[in-house]
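Visitor: I am new to this structure and would like a close look at one part of it. Could you show me the place where the chains meet, and walk me through what is found there?

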2 protein chains.
Amino acid sequence: MNDSRKLPRLPSVKRLPSYLHELKLLRDNQQQMVSTTQLAQRLGLEPIIVRKDLELAGSPGSPGVGYSVLSLIEGIENFLGWNDETPVFLIGVGNLGTALLGYKGFIEYRFNIVAAFDNDPAKVGSTVHGKPVFSIDELAEKAAELQVRIAVLSVPCEFAQAAADKIVQSGLKAIWNFTNTPLALPPEVVQQRVNMAGDLAELSVKLSGKLYNNSEDI
Amino acid sequence: MNDSRKLPRLPSVKRLPSYLHELKLLRDNQQQMVSTTQLAQRLGLEPIIVRKDLELAGSPGSPGVGYSVLSLIEGIENFLGWNDETPVFLIGVGNLGTALLGYKGFIEYRFNIVAAFDNDPAKVGSTVHGKPVFSIDELAEKAAELQVRIAVLSVPCEFAQAAADKIVQSGLKAIWNFTNTPLALPPEVVQQRVNMAGDLAELSVKLSGKLYNNSEDI
């Protein structure tokens, strides 16, 4: 990693999986090179944005020739740390948690929910969509054993902070928060919120025509 | 609505459902007034942010007294257009679509998936989590009949654009896009993307310490 490289911007980072997805389709079609223009068209982006985003992958394209598909895939996966499978835990096997355990969309990015945790004795010891459900009291032990650093949080919102505290105490370093509740966390633990209600609010406001400038939100 | 009011900012809009959620808890506890400080604490925000966000609700608080809980709820719901139930359609009854049909978290905000659509003859005519599944060819007719303007899109990504075209032709005005694919839409149709892979990318980058300034992302 080049120290002089600028810090990545959020919209660029969030677009990288879309590139990865398209590039893998091209790879599977035996296409070896890809131009900025082709990627821009497939993703509905301006070529200048594509060129800027792909700087993160550290794989400069050649004018008139484009990028090597395989090098780009490798560059993006390296940048994101997605070369290896990332094991994650899911906390809270309710309605949403069960849905997430059955969702196969994360596997493309090598995120694998390896176990789930709940405090309901009726669920502990069971298997949901092939994943074992442990007691929340086993979280620290299992995190150390399986070297898991990321928790998907899908408990009812009134238990969100208590569950987050438990996750922090158990030594995990990141929470992907599917609850409605923002979490208070120590600075060394990162949080990513899936704010579906916030998305609905944004959609409602866009639909009503009370718009703000939003061109970067892709 | 005051015409001189500035256009709402995206982070404020996305936070409104969290206020709504907290305010309803207070209402259910018979609390009639709430201070900026109390809301700020419950949501983990700075009081100045809370004051700014709640300007959208058009319900000014009184110094030393705070806000009326009921007025704030009404103001936020008015602003978002969430006073009445919003009927929505779901397109694509696969793994994720089925999960979304069973997810009860949208009801708090009066979003109700009233029907689902698919092109698989084995699914058409069935009921999933109590919701009827129609053929995608019936979309225009049902949208007119049930006055639905919003579609939740959860088809496999290779069919995303074709399904989006069908949604647009059927007269719907907004797509909540759960696929990995950005959609090309006419300007009068709004799109809201749930970019879960993008969230995972952001989480990975935060975890690796390659951070950008991100204080507004709540």
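**Where chain A meets chain B**

Guide: Let's start with one pair of residues: D199(A) and K14(B) form a salt bridge, with their closest N and O atoms 2.8 Å apart. Please keep in mind that this is a predicted model.

Now look at which elements of chain A are involved. At least two residues each come from α1 (10-28), α4 (69-80), α5 (95-102), β8 (174-177), β9 (190-193) and α8 (196-207) of chain A, on the side that touches chain B. Of these, α8(A) gives the most, with 12 residues. Sorted by class, this side of chain A holds 35 nonpolar, 12 polar and 11 charged residues.

Next, the extent of the contact. Chain A brings 58 residues to it and chain B brings 57 residues. The size of an interface is often given as the accessible area lost when the parts come together. Here the area buried between chain A and chain B is about 5,500 Å², and carbon and sulfur atoms give 67% of it. On the chain A side, L200(A), L203(A) and L207(A) lose the most area to chain B, together 12% of what that side buries.

Finally, a word on the nonpolar core. The largest one has 102 residues, and those with the most contacts inside it are Y19(A), L23(A), Y19(B) and L23(B). Among the residues that L23(A) touches are V34(A), L39(A) and I76(A).

Definitions and conventions. Residues numbered from 1 in each chain as written. Chains lettered and ligands numbered in written order. Predicted model: local features only at pLDDT ≥ 70, side-chain atom pairs only at ≥ 80, totals over all residues. Heavy atoms only, no water. Core = buried A, V, L, I, M, F, W, Y, C linked by side-chain atoms within 4.5 Å. Buried < 20%, exposed > 50% of the residue type's maximum accessible area, 1.4 Å probe, protein only. Contact = heavy atoms within 4.5 Å. Buried area = accessible area lost by both parts, 1.4 Å probe. Salt bridge = Lys/Arg side-chain N within 4 Å of Asp/Glu carboxyl O. Helix = DSSP H or I, 4+ residues; strand = E, 2+ residues; numbered from the N terminus. Nonpolar A, V, L, I, M, F, W, Y, C, P; charged D, E, K, R; others polar. Lists of a residue's contacts leave out its neighbours within four places in sequence.
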